[in-house]
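Trainee: Before we talk, could you put the sequence and the model side by side, so that I can ask about the fold, the packing and the loops in turn?

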Amino acid sequence: QDRFRELLPGVRPIDPVVACVHHYRDSHPMAVASGGSRLNIVLTLRELDMEDVFDVILSADDPIPHKPAPDIFLEAARRISVPPERCTVVEDAPAGLEGARRAGMTTGGIVSHHHPRLEADRLITSLEELPEDTFEELPGP
């Protein structure tokens, strides 16, 4: 975690992603369901001035089975009071997408050079081009 904190001042927001999150903030409850530590998540969100944007944060520190188990997504849905079938999960890794599918949620897969082929309901090929209405046709509360 010390190395993570050394790199933290270099974290920069991806403006279209921030715009998308803020676009849905007032109309959709949102959660972070991450395999990272809570401290790293909170520090990152604070660095990006987004620490108050998400209603729920679940992390590797919570006693919940890790992805690809669906548990972290189901718990996030329960805590934001949204049925799983009305949730959309945006993920960049196969294990997370599998967990979201197993939870019965709609998936948005972020394609990268690390994971060029993903199975998702919708593929997102460039976060830099992410429009605010990317998920308009996907389920929501």
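**Fold and packing**

Mentor: In this predicted model, buried residues make up 38% of the 141 residues in the chain.

Trainee: How many helices and strands does the secondary structure of the chain come to?

Mentor: Reading from the N terminus, the elements run α-α-β-α-β-α-β-α-β-β. Counted up, the secondary structure comes to five helices and five strands.

Trainee: In which order do the three strands of the open sheet lie?

Mentor: The pairing within this open sheet is parallel, and the twist averages 20 degrees from one strand to the next. Its edge strands, each pairing on one side only, are strand 3 (88-91) and strand 5 (122-124). The order of the three strands is therefore 3-4-5, taking a strand to pair with another where at least two bridges are found between them.

Trainee: How many bridges join strand 3 to strand 4?

Mentor: These two strands run parallel, and valine 89 has threonine 107 of strand 4 as its bridge partner. The chain passes from strand 3 through helix 5 to strand 4, in a β-α-β crossover that is right-handed. The number of bridges joining strand 3 to strand 4 is four.

Trainee: And which residue in strand 5 stands opposite isoleucine 110?

Mentor: Strand 4 (residues 106-110) pairs with strand 5 in the parallel sense over three bridges. Along this pairing, glycine 108 stands opposite arginine 122, while the residue opposite isoleucine 110 is isoleucine 124.

Trainee: Which residues of strand 4 point the other way from Thr106, Gly108 and Ile110?

Mentor: In a regular strand the side chains alternate between the two faces of the sheet. Strand 4 is mostly covered, with five of its five residues buried. Thr106, Gly108 and Ile110 point one way, and the buried residues that point the other way are Thr107 and Gly109.

Trainee: At about what angle does helix 5 run to strand 4?

Mentor: Helix 5 comprises residues 94-102 and lies across both strand 3 and strand 4.

Trainee: Where does the largest share of the largest nonpolar core come from?

Mentor: This core has 15 residues, of which Leu58, Ile72, Phe73, Cys87, Val89 and Met105 touch the most other members. Strand 2 and helix 4 each supply at least two residues of the core. The largest share, four residues, comes from helix 4.

Trainee: Which residues of helix 4 are buried, then?

Mentor: What covers them includes strand 1 (31-33), strand 2 (56-58), strand 3 and helix 5. After helix 4 comes serine 81, whose phi is positive, near 60 degrees. Within helix 4 (residues 71-79) itself, the buried residues are Ile72, Phe73, Glu75, Ala76 and Ala77.

Trainee: Which residues does methionine 105 touch, leaving out those up to four places away in sequence?

Mentor: Methionine 105 is among the core members that touch the most others. Leaving out those sequence neighbours, the residues that methionine 105 touches are Phe73, Leu74, Ala77, Pro84, Cys87, Val89, Ala100 and Asp121.

Trainee: Is cysteine 87 buried or exposed?

Mentor: The structure holds zero disulfides. Cysteine 20, at 6% relative accessibility, counts as buried. The relative accessible area of cysteine 87 is 9%, and because the cut-off for burial is under 20%, cysteine 87 is likewise buried.

Trainee: What distance separates the C-alpha atoms of arginine 102 and proline 70?

Mentor: Arginine 102 is found in helix 5, and apart from residues up to four places away in sequence, this arginine touches Pro68, Ala69 and Pro70. Although arginine 102 and proline 70 are 32 residues apart along the chain, their C-alpha atoms are separated by 5.6 Å.

Trainee: Is aspartate 49 buried or exposed?

Mentor: Aspartate 49 has its place in the loop between helix 3 (38-47) and strand 2. The C-alpha atoms of aspartate 49 and proline 13, which are 36 residues apart along the chain, are separated by 9.2 Å. Because the relative accessibility of aspartate 49 is 66%, and over 50% is the cut-off, this residue counts as exposed.

Conventions: Residues are numbered from 1 along each chain as its sequence is written. This is a predicted model: local features need pLDDT of at least 70, side-chain atom pairs count only at pLDDT 80 or more; totals for chains, interfaces and linings use all residues. Side-chain values use heavy atoms; hydrogens and water are left out. Axes are lines fitted to C-alpha atoms, for helices over the stretch in contact, and angles run from 0 to 180 degrees between N-to-C directions. Contact means heavy atoms within 4.5 Å. Buried means under 20% relative accessible area, exposed over 50%, partly exposed in between (1.4 Å probe, protein chains only). A crossover is right-handed if, with the strands pointing away from the viewer, the path from the first strand over the helix to the second runs clockwise. A nonpolar core is a set of buried Ala, Val, Leu, Ile, Met, Phe, Trp, Tyr and Cys residues joined through side-chain atoms within 4.5 Å. A disulfide is a pair of cysteine sulfur atoms within 2.5 Å.
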